[in-house]
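Here are my notes on this one, in the order I'd look at things. Have the model open while you read.

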Amino acid sequence: MLNKRQKNMIIKIKKAIEESISVFKASNDVTVCLSYLYKSKDLYSELIKPIDNEKILDSIFKGFCVGK
């Protein structure tokens with residue numbers, strides 16, 4: 001069963017792949033097509049390996065000095 005985040009990511013991946021096909025058919029430009037495919041790859045990576053909240057918090061607060 002998919003949760004809401006997974007479903008939304010799959011929809012975005014599908015859209016990026018469809019856009020890459022459409023752009024390639026319209027222009028035959030592989031470079032532009034690849035940019036859409038890289039976008040779909042990045043979305044897929046995010047789907048299978050979501051960002052760790054601890055890493056986000058560490059990134060935000062690493063420059064702060066607490067307790068002095």
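1. Take V30 to begin with: with a relative accessible area of 46%, V30 counts as partly exposed (the band between buried, under 20%, and exposed, over 50%, using a 1.4 Å probe and protein chains only). V30 sits in helix 2; helices here are DSSP runs of H or I with at least four residues, numbered from the N terminus.

2. A caveat on the source: this is a predicted model, where local features need pLDDT of at least 70 and side-chain atom pairs count only at pLDDT 80 or more, while totals for chains, interfaces and linings use all residues. Residues are numbered from 1 along each chain as its sequence is written, and side-chain values use heavy atoms, with hydrogens and water left out.

3. L34 is also in helix 2, and is partly exposed at 36% relative accessible area. L34 and I21 are 13 residues apart in sequence, with 9.8 Å between their C-alpha atoms.

4. V30 and L34 belong to a nonpolar surface patch of about 590 Å², along with I17, I21, F24, L37 and Y38. Helix 1 (4-27) and helix 2 (30-48) each give two or more residues to the patch, and helix 2 gives the most, four. Patch members have over 30% relative accessible area and no salt bridge, and nonpolar side chains are joined within 5 Å (salt bridge: a Lys or Arg side-chain nitrogen within 4 Å of an Asp or Glu carboxyl oxygen). Areas are Shrake-Rupley, with a 1.4 Å probe.

5. Now inside: M9, I13, A16, L43 and L47 form the largest nonpolar core, meaning buried nonpolar residues joined through side-chain atoms within 4.5 Å. Both helix 1 and helix 2 supply at least two of its residues.

Methods. Patches are made of residues with over 30% relative accessible area and no salt bridge: like charges are joined within 9 Å, nonpolar side chains (Val, Leu, Ile, Met, Phe, Trp, Tyr) within 5 Å.
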